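Let's take a look at where the ligand ends up and what surrounds it.

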Amino acid sequence: MKFSPKKSLGQNFLIDEKILNKIIEVGNIKSNDTIIEVGPGKGALTDRILKNNPKNITVIEKDERLVNFLSKKFGRSIKIINDDMMNISYENYIKKDLIIFGNLPYNISTQMLAKLVKVKGIDNFCKRLVLMFQKEVADRIIANKNTKNYGRLSILSNWRMQINKVIDIEPSSFTPMPRVKSTLLVLVPKKEFYEFKDPSNLEHITNIFFSQRRKMVKKPMKLLFKNYEIISKNLSIDLNLRPQNLDHSTYYKMCKVYETLIN
Ligand code: SAM
């Protein structure tokens with residue numbers, strides 16, 4: 001197929017057999033599994049997923065040219081949705097034993113991750129998510145406190161997901177070659193996590209803290225809570241620390257308190 005890749009859709013296609021096999025290995029597909037692949041491209045990974053005989057597979061691809069290509073290539077063996085992966089209500093796919101695969105387009109990878117993390121009840125039906133990110137983004141996802149990469153993305157993703165880094169991937173594994181390295185992560189929805197009325201409250205809190213990451217936490221605490229001194233004491237927060245010095249669970253506990261105070 002003569003095909004000119006669109007940069008705007010992050011079209012860097014995987015051509016490295018070793019990496020494709022690694023993705024399948026960590027995906028650990030069983031015959032009862034339902035698969036969603038977001039951004040299947042030319043179907044290099046789709047092909048291998050199919051060979052592992054899952055119960056069914058649905059792919060979501062925005063580029064109509066690729067949708068036509070995929071439907072010729074795979075016929076009725078896969079279900080193809082021609083849509084934006086950000087528009088899909090993944091809650092509607094609630095079936096037991098779901099695995100989500102995606103070599104995510106760079107420009108929407110963080111929004112897509114935030115969307116998936118917030119899918120209601122994801123721990124009840126999704127076994128794992130096998131996702132590829134730009135390495136710099138993956139570094140932020142897996143970052144721990146007291147590091148420069150720690151922040152909003154790490155706090156949100158670790159709230160619902162147990163995250164394991166699998167491997168860094170060189171630009172030469174793709175065509176066209178991206179300018180940066182990539183990283184493969186496996187995310188397993190946690191069974192136990194802090195329940196929030198609305199997870200966007202956690203995003204609101206971390207936005208306030210990390211928009212001024214060099215300032216002491218006294219400032220954002222004061223902004224968020226009238227009685228910030230008592231709350232800081234209860235949560236054992238030293239107000240002279242910086243946002244990156246507070247661990248993940250302090251932010252989750254803070255969000256719980258915040259939710260009891262707003263309406
Ligand atoms: N999975 C393929 C592979 O590894 O070779 C392609 C990965 S490529 C990095 C990203 C894919 O996502 C492209 O096929 C692109 O057309 C598709 N895509 C980009 N933005 C999208 C969106 N918003 N919704 C659905 N698909 C999208």
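How many residues line the largest pocket, and which lie nearest its centre?

## The largest pocket

There are 32 lining residues, with Leu9, Gly39, Gly41, Glu61 and Asn103 nearest the centre. A pocket here is an open set of points on a 1 Å grid over the protein atoms alone, where a 1.4 Å probe fits, with protein on both sides within 12 Å along at least five of seven lines; lining residues have an atom within 4 Å of a point. The space inside is about 500 Å³, a volume being what is filled by probe spheres set on the points.

This is a predicted model: local features need pLDDT of at least 70, side-chain atom pairs count only at pLDDT 80 or more, and totals for chains, interfaces and linings use all residues. Numbering runs from 1 along each chain as its sequence is written, and side-chain values use heavy atoms, with hydrogens and water left out.

## The ligand

The ligand sits in the largest pocket (more than half of its atoms lie within 2 Å of the pocket's grid points). Around the ligand are 21 residues (a heavy atom within 4 Å), and Gln11, Gly39, Glu61, Met85 and Asn103 come nearest.

Now the polar contacts (pairs of N or O atoms within 3.5 Å). The side chain of Gln11 puts an N or O atom 2.8 Å from a ligand oxygen.

Methods
A polar contact is a pair of N or O atoms within 3.5 Å; within protein, one must be able to donate a hydrogen and the other to accept it, and residues adjacent in sequence count only if both atoms are side-chain atoms.
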